[in-house]
Structure formats: C-alpha cells, structure tokens
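Here are my notes on the model you sent over.

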2 protein chains.
Amino acid sequence: MQDENRLIAQSLSYRLATASRFLINRLNRNFKENDLSITYEQFRIMIRLWKEDGLTQGQIAALTGKDEPSVSRLINNMIKRNLIKRLPHPEDRRTNLIFLTEEGKNIQHDLYVQYRKTTEEALQGVSASELDTCLKVLDTVTKNLA
Amino acid sequence: MQDENRLIAQSLSYRLATASRFLINRLNRNFKENDLSITYEQFRIMIRLWKEDGLTQGQIAALTGKDEPSVSRLINNMIKRNLIKRLPHPEDRRTNLIFLTEEGKNIQHDLYVQYRKTTEEALQGVSASELDTCLKVLDTVTKNLA
DNA sequence: CGGGGATACTTGCATAAACAAGCTTATGGG
DNA sequence: CCCATAAGCTTGTTTATGCAAGTATCCCCG
C-alpha cells in the first residue's frame, strides 16, 4: 500500500502525456517551420511507405498501430497535401493501395533531418543507459495495457 | 553521428506517444466501465479543484498546463456532466470561478481507486528504480522542449 | 450457384489539442 | 475622465483519436 501510493504520487500518466505532447508538438512545429506540410502522424505513415510502397490501408493501420478509421481519414488529408495517392486494388475492389507521390518521395530526406534534430533536442542531457531504461519501461507499459 | 543514429533508430517519439495513448485510453475505459462519467483530462482538472475549490479558468489552465481554449471547452463538458459549476466572479466580471458540485466532490474516492488500479496495471513488472529513471528522462524531455 | 459471414473501408458522433482571432471588462497613463 | 492597452474568456478552424455503425465486395460452404 505504501509502495503503491508512492508510485501513484509520481503521476506517471501526467508526466508521460506531457512529455509525449511536447515532443509531438515540437515535431509538428519543426516540420511546419521548415515548410514541410505534414504532421507527425502523417509522417509515421510515410515512414512505412518509404519502406514499402503500395500498402493497403489495413496494412498501414496494422503497421502503425492506428485503427482503420484513423488511417482512412489521415490518408484523405495526405492526399489533399499531395503526399500520396489512393488507387483501387486491381483484383479486390474492397481494397485500396496507397502510393507515394513524387513529392512524397522527395521530402523524405528533409523530414528525417527535422525528425533527427527534434529528437536530439528532446534528449539533451539524457545518457544512453537512461534512455534505454526509459524506453524499456515505456514498452512494458504499452505491453501491459495492450 | 553514429550515436545520433542509434538514438533515432529507437524511435522515442513513437514509443512515447504509444505508451501515453494506451495509458490514457485505459484510464478512460476504466472510468467508464465503473460508471464514472468523466475523462482523464477532466479528471486532471478535478484534482486541482479537490485541492482548492473556486479557481479561475486561467488558474486551472496554468496549473494543468493546458491552454485557455482547452480549459474553456473542458469546463463546458464538465458542467454538462454535472461535475462542476461556473459562477461569475463577484468583483471582476471578466472572470469565472469554478466550483465542484456535490457529485463532483463525491466521486473523488472512486476516481482515485480507478486511477490507482490503472497505474498499477501499467507498471506491472517495472521496478522502482527503473520507474524513477524513466520519469527523470520524461521530465528532461519536457524541460528540453518547454 | 446462391446466401451468409468475413473483410476492407467509410461515416457519424464525441472528445481533446493547437493556434488565431474575437469579445467583454478592467485599469492605468495622460 | 477617457482612451489605449491588457486581461480573461470564447469561438472558429484544423488535426487526430476512439468507438459504433454502415456500405461494398469477396469468398466459402452447403
């Protein structure tokens, strides 16, 4: 009980949510300030497409840990921004295949530069072993709640 | 550069955002399943009011790290759910004072029970020292980006 | 080969955040 | 005493998530 309360007093949820929000906000701001018209969540989809173009929406959902409605609407937004195209599957009319546009391919480098820069900013003063431990805890939390 | 890439490869942002999302989702679900009609973000405002009733919206914003528009709309939702009341400040008509309703006072215990339970679920298998390190890293990230 | 269930996706509705812009009320300097 | 400015809050728009429900297509089993 004592130990329990000690854990609670540290307000894991608040500190976790705050750090996450700050990091995502900074990523979004750094993208924007460098004329990269994309959000972090869209960037996460781009990462998958740079690895393998022509995925279905369901595959993207599974790979990014998003649900299908989220992917559907993110893709709508990304099409508006001319990052990707949605093409019907040649054999299965239920399915769409998502492809990068030229612009979507071209911004990869610049996005990674900003991504790297922002992660470095965030991790100033954090040692490699502290980061390892932190990531391990985050993964445990995720696994416990999955 | 090598060290830098090592850090990046660990995708801090993804793991941070995922753990955060899972924890908040679980909190929201556990509240709901126990007939507590409140969200985690609203709960964070309640915590402040249990400590000190009759705060202004600006004070709540400052104390919870939210912006004023967010607080304004969260408070609208909380009034609909009969958790709090918004009363005009007796001397400054620009200002509102926010007070707990009876219901808002009464659910404090039950909310903390669920909050505690969920945090314990999340932290299964995490040692006290690992948690300390993780929280320290999260705070550093927040501070670096503030 | 036809119908029912599964699959892939979309839409609707609620919550919440970020940011800009608007409105009302206070207040201090001239 | 009045006006410009500041303070406190609200509204509008965009982005994203969660969950429920709807639509279209496919496919297998009897």
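1. B:Trp50 is buried, with a relative accessible area of 15% (buried is under 20%, exposed over 50%, partly exposed in between; 1.4 Å probe, protein chains only). Keep in mind that this is a predicted model, where local features need pLDDT of at least 70, side-chain atom pairs count only at pLDDT 80 or more, and totals for chains, interfaces and linings use all residues. Residues are numbered from 1 along each chain as written, chains are lettered from A and ligands numbered from 1 in written order, and side-chain values use heavy atoms, leaving out hydrogens and water.

2. B:Trp50 makes a tilted aromatic pair with B:Tyr112, at 5.6 Å centre to centre and 45° between the planes. Rings of Phe, Tyr and Trp (its six-membered ring) pair if their centres lie within 6.5 Å; planes under 30 degrees apart are stacked, over 60 edge-to-face, the rest tilted.

3. That pair ties distant parts of the chain together: B:Trp50 sits in helix α3 (residues 40–51) and B:Tyr112 in helix α7 (residues 108–122), 62 residues apart. Helices are DSSP runs of H or I, at least four residues, and strands are runs of E, at least two, numbered from the N terminus. B:Tyr112 is partly exposed, at 22% relative accessibility.

4. Over all chains, there are 14 aromatic pairs. One of them is B:Phe43 with B:Trp50, edge-to-face at 6.0 Å and 65°. B:Phe43 is buried, at 0%.

5. In chain A, ring pairs join A:Phe31, A:Tyr40, A:Phe43, A:Trp50, A:Tyr112 and A:Tyr115 into a cluster. Chain A has 8 helices and 3 strands.
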